[in-house]
Amino acid sequence: MTATNTHIFETRESEVRSYCRNWPVVFSSAKGPYQYTEDGTKYTDFFSGAGALNYGHNNDALKEALVEYVSRDGVTHSMDMYTEAKRDFLEAFTEIILAPRGMTHKIQFPGPTGTNAVETALKTARKATGREDVVHFTNAFHGMTLGSLAVTGNAFKRAGAGTPLYHATSAPYDDYIVGETSDFAWLKRIWADSGSGTSLPAAVIVETVQGEGGLKAARGQWLKELQELCREYGVLLIVDDVQAGCGRTGKFFSFEEFGLDPDIITLSKSISGYGLPMALTLMKPEVDDWEPGEHNGTFRGHNPAFVTGTKALRTFWADDTLEQNVAARTEQLHERLEVLAGLAEGSEVRGRGLLSGVAFRDLEAAENIAKAAFRRNLLVETSGPSSEVVKVMPPLTITEEELAAGLDLLEDATREVLGAPARAGA
């Protein structure tokens, strides 16, 4: 790594900056699964914009559509006015995603980020039910605005609110209480008991894979029991698919392989396909109880994101080619992760699809591995309440050879940190 000019960032940018502290280089260009610094050094990117770049950097098909739209002076900003770009996206999303799955959900454009989608989901549920409380789960992460933080588990992030966080109740995520009690026994008891001192909630919000919470993946049976419990008591089910959706775990929605039918779904990150800001809140028609303009935002109609989002749907989701690649690369990834987990006693592979990693018993191991990976020109982040998990998120479009080469770098870094013998052939 060569010296880079980072002075202006260090003197003028807020102390809140984060990822750049772990990767102190200046990136200049990017393509596919790679980023390049201003001096031309290549880094393999297993971070993928925290899941915002499922199709890699600067995908040619998406870039061509974006450049053509901007070059012809297509509308960029439109609030929630009707535009060709929005119509094309809505038609493609309906035709390719909703209709084949028998989903009748309405689509709300809440603003540019995942936390906007979550805030909208929470407000929708409260408005539709007339109730205030929302149940969330241990180690959940749903965003950094106040409503989203209230249903987030991480103490460090919650403390940043600087104010009490209201109208949310935490419950144990799948396998949080090992063998001691049924995961839903407590919820069922207090919801049924008028003397419990706990009001029936408006909704339950859940991630099928806790992306920031340590890559814990809920079992299908647990998720189905959760949905049944919500149905029994008239509580709305919100699935936060901001990070695990858009194909990251295999199917377009992370919950569809389990046959779930959420009342409300949040999407963001890779829904634009190109890293452009965009978010969706999907809701069943019966809970779409908004008055016109009752919830709004200046950047809820970002047409360039509609353009690339439409192109991504028609390029990658019109058939099952991408889905097959994700399945093959998932098998390849998990085989290699099992090797890494075997290098340290008590380690385990976590996650689903290409949202996976290794949790280490030594709470310093994952961060040290990420640092050693960066020295080898590989970008990986950590996850979990103690940053104990090495998190691997390559593009869904990555090839077998590209993934293998990056995993070689990760294995070399892991062996270095753990003091294990060098990889054969390294």
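Two strands count as paired if DSSP finds at least two bridges between them. Helices (H or I, at least four residues) and strands (E, at least two) are DSSP runs, numbered from the N terminus. Before clicking, note that this is a predicted model, where local features need pLDDT of at least 70, side-chain atom pairs count only at pLDDT 80 or more, and totals for chains, interfaces and linings use all residues. Residues are numbered from 1 along each chain as its sequence is written, and side-chain values use heavy atoms, with hydrogens and water left out.

**Stop 1: the sheet.** Select Ile205 and you'll find Ile238 of strand 8 opposite. Now widen to strand 7 (residues 203–206) and strand 8 (residues 236–240), which pair in the parallel sense over 4 bridges. Show the rest of the sheet: 7 strands, open, in the order 4-10-9-8-7-5-6, with mixed pairing. Its edges are strand 4 (106–108) and strand 6 (168–171), each pairing on one side only. From one strand to the next, the twist averages 20°.

Stop 2: Axes here are lines fitted to C-alpha atoms, for helices over the stretch in contact, and angles run from 0 to 180 degrees between N-to-C directions.

**Stop 3: helix 5 and helix 11.** Pick residues 84–98 and 303–316: the two axes come within 8 Å and cross at roughly 30°. Helix 5 and helix 11 are therefore roughly parallel (angles under 35 degrees count as roughly parallel, over 145 as roughly antiparallel, 65 to 115 as roughly perpendicular and the rest as oblique). For contact (heavy atoms within 4.5 Å), show residues including Phe89, Phe93 and Ile96 of helix 5 and Phe306, Val307 and Leu313 of helix 11. Colour this contact by type and you get 9 nonpolar, 3 polar and 5 charged residues. Ala, Val, Leu, Ile, Met, Phe, Trp, Tyr, Cys and Pro count as nonpolar, Asp, Glu, Lys and Arg as charged, and the others, Gly among them, as polar.

**Stop 4: helix 12 and helix 14.** What angle do residues 321–341 and 400–418 make? Helix 12 and helix 14 pack at about 15°, with axes 11 Å apart. Among the residues making the contact are Arg329, Leu333 and Arg336 of helix 12, and Leu403, Leu407 and Glu411 of helix 14. This contact divides into 7 nonpolar, 2 polar and 6 charged residues.
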